[in-house]
Amino acid sequence: MSLAIKMPKLGFGLMRLPVNNGEIDIPRMSKMVDAYMQAGFNYFDTAYVYHSGKSETAIKETLVDRYPRESFYLATKLPAWTMKNPEDCDIIFNEQLKRAGVDYFDFYLLHSLEDGSNYNTYVKYGCFEWAMKKKAEGKIKHFGFSFHGTPELLIQVLNSHPEVEFVQIQLNYADWNNPLVHSGRLYEILYERHIPIIVMEPVKGGMLASLQPELENMMKVVHPDKSIASWALRFVGSLDGVVTILSGMSNEEQINDNLKTFTNFEALNEQEKQIIENVVKKMQDMPLIQCTACQYCCDGCPSSIRIPDVFRALNTIRLYPGDNRPRLFYRGLVSSSGHASDCIACGQCESVCPQHLSIIELLKEAAAKFDQQ
């Protein structure tokens, strides 16, 4: 199977947009969209829930209202966890069309298939069949899903739904053999079936953009002029079957570096592959929380805890116990949000975490380190 269109190697992910005073910075985002489009790339990935529902509206202002509709591809997603009945498919979809200011979506995904509730909801409400009707109406050009489940579930879904044209998976070198994420095995299943792959989290929510000095030096010795993030992006871009790699770009520095990486893209050579393998071996000895800062855990938190930021501080203090910066960062964080110790263990966060993290226990650790000082 292949998509009958030419896909850009670099996709613009709209989940981590620049913000100003808590709102998406539209002028700044417009400049980033312009730089990306002018470099010859044109795939934009948003979702109903990104930026608390404001990402789709932002892409209307920065892209749809400013460029010809045929000059770009726009992807968005249907979220199972906001649905209460089959009619919600049309209600949400029509709202998305209005938010984005378009008559159709080039790519439409069922958001975050995983073992249990989300996939069951999509089946229960007939979302696969509904999407095919929208495609027949011309409202959806290409249909697929994003996936955070097990290899066994992926096989089950693909066997049950041959109409799926592409699948979006989390894929990066750190998660290739991760027993919770299964990046390598998911890739193999899709590649064996010739299903086009769109990649999310190639830099693992920014975790692979900055490594410990020892690991960064292994890369800098070979390429002192290349960013650490570019290694992660080139790893994924070197894999056959990957059609587009999404990068959630938050500032001009990131977009400029990504454009540098993907303009005249160079696949990894054997020496570079070996360096990444060595980096992964050393990373596996470091006890870091594998949070990608997707923010899914934040929206429904009754204590308003900014969980990814708490974990960012916790990871830093795990690596550098004597560094006072994580404590200063945490102190500023909780001046406008909940403390880790405010967790009431309701489990809402764990039910939506794509990384399947034991968030409640990790917040207890953070509370012990930061709230009991």
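Contact, as the word is used on this tour, means heavy atoms within 4.5 Å. The model in your viewer is predicted, so local features need pLDDT of at least 70 and side-chain atom pairs count only at pLDDT 80 or more, while totals for chains, interfaces and linings use all residues. Residues are numbered from 1 along each chain as its sequence is written, and side-chain values use heavy atoms, with hydrogens and water left out.

Select Phe44 to begin: leaving aside neighbours within four places in sequence, Phe44 is in contact with residues including Phe12, Leu14, Tyr36, Ile59 and Phe72.

Next, colour Phe12, Tyr36, Phe44, Leu78, Phe145, Val167 and Tyr173, which touch the most other members of the largest nonpolar core, a set of 102 residues. Such a core consists of buried Ala, Val, Leu, Ile, Met, Phe, Trp, Tyr and Cys residues joined through side-chain atoms within 4.5 Å, where buried means under 20% relative accessible area with a 1.4 Å probe, protein chains only. Helix H9 (residues 228-237) gives this core its largest share, seven residues; helices are DSSP runs of H or I with at least four residues, strands are runs of E with at least two, and both are numbered from the N terminus. A second, separate core of 25 residues includes Cys291 and Leu357.

Now show the strands, eight of which close into a barrel with parallel pairing, in the order E1-E4-E5-E6-E7-E8-E9-E10; two strands pair if DSSP finds at least two bridges between them. Zoom in on E1 (residues 10-13) and E10 (residues 242-248), which run parallel and are joined by four bridges, with Ile245 in E10 as the bridge partner of Leu10.

Finally, view the whole protein chain, which has 16 helices and ten strands.

Technical notes. Buried means under 20% relative accessible area, exposed over 50%, partly exposed in between (1.4 Å probe, protein chains only).
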